[in-house]
Amino acid sequence: MKPCSLRDHGTDPVCGIEFTRDGRKIMPDEYDASCSSEKIADGYRVKTFRDDDARVKKGYFLLHQGACGVCSTAKDMASFMRNSFPDFMNPTPTIDTMSFLCQKFVVSSNPLITPKELVDQVSMCLQYGIPNIVPSADLSETCAYAWAINVFLTGLPENDGGCNDVCTLMLNLILNNQCIPNIELKCPYDPVDCALQECLQCDDSVSGAQFIELAGMTRRNAGLHTLLPRPCGSLADVPHMCVASL
């Protein structure tokens with residue numbers, strides 16, 4: 001698959017979001033952060049700005065650091081919030097795990113599937129789930145496609161530049177409830193030095209930059225914590241707000 005060419009958005013781009021109600025823009029000083037059930041907004045727009053000063057001048061809220069992409073939507077922000085940090089009392093797979101589970105199910109159902117068909121079906125799985133097998137991540141269509149491309153590239157054999165062997169090992173640990181986290185198996189990270197499990201390190205190097213360029217919003221650049229340890233400076237400082245009934 002040919003890598004995407006990177007767009008030039010300057011050195012410190014941000015993705016801004018503005019909310020509208022009855023066709024009128026809601027200015028930041030009008031916003032009520034009380035999270036009441038009253039409908040605050042009925043629409044929104046996102047836009048990439050070359051820096052944060054430009055965003056502030058236009059009266060946009062900050063959605064995430066970096067340029068906007070196919071995951072820079074309110075629906076995907078809600079999904080990231082719900083599915084980024086598992087509740088071990090009521091386990092729900094993270095989006096990462098759901099991606100691998102979707103691909104594993106699709107490939108096992110049709111070993112001769114073409115790459116395009118695989119990406120299409122994994123994308124559908126991430127949007128709607130598979131009853132009794134994989135829950136829905138409830139991603140937008142475009143964001144689900146970005147995640148499907150990401151897991152396809154990561155799932156390629158090692159001699160094709162992918163991470164299949166180490167990620168199959170990690171997925172089996174997850175399916176056997178041995179990765180929550182597991183100190184002995186160092187899954188999903190090593191509790192001594194916080195090094196990520198091999199699959200996650202490989203995924204970062206194989207698909208990371210291209211995924212960020214396509215997706216725009218990630219958990220880290222939107223300021224959302226996950227189970228995985230990351231350098232403190234890599235988690236963006238993004239204030240989050242409620243927009244009831246959007």
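I take a nonpolar core as a set of buried Ala, Val, Leu, Ile, Met, Phe, Trp, Tyr and Cys residues joined through side-chain atoms within 4.5 Å. Buried means under 20% relative accessible area, with a 1.4 Å probe and protein chains only.

The model is predicted; local features need pLDDT of at least 70, side-chain atom pairs count only at pLDDT 80 or more, and totals for chains, interfaces and linings use all residues. Residues are numbered from 1 along each chain as its sequence is written, and side-chain values use heavy atoms, without hydrogens or water.

**Core.** I looked up the largest nonpolar core and found 54 residues. Those with the most contacts inside it are C71, F80, V122, L126, L139 and W147. Helix 5 gives the most to this core, nine residues. Helices here are DSSP runs of H or I, at least four residues, and strands are runs of E, at least two, numbered from the N terminus.

**L139.** I listed its contacts (heavy atoms within 4.5 Å). Leaving out residues up to four places away in sequence, L139 touches partners including F80, L126 and W147.

**Rings.** I paired Phe, Tyr and Trp rings (six-membered ring for Trp) with centres within 6.5 Å; planes under 30 degrees apart are stacked, over 60 edge-to-face, the rest tilted. The count is four aromatic pairs. F19 and F61 have centres 5.4 Å apart and planes at 55°, so this pair is tilted. F19 lies in strand 1 and F61 in strand 4, 42 residues apart. F80 and W147 are edge-to-face, at 6.4 Å and 75°. Both are buried. Ring pairs join F80, W147 and F211 into a cluster.

Note on methods: Buried means under 20% relative accessible area, exposed over 50%, partly exposed in between (1.4 Å probe, protein chains only).
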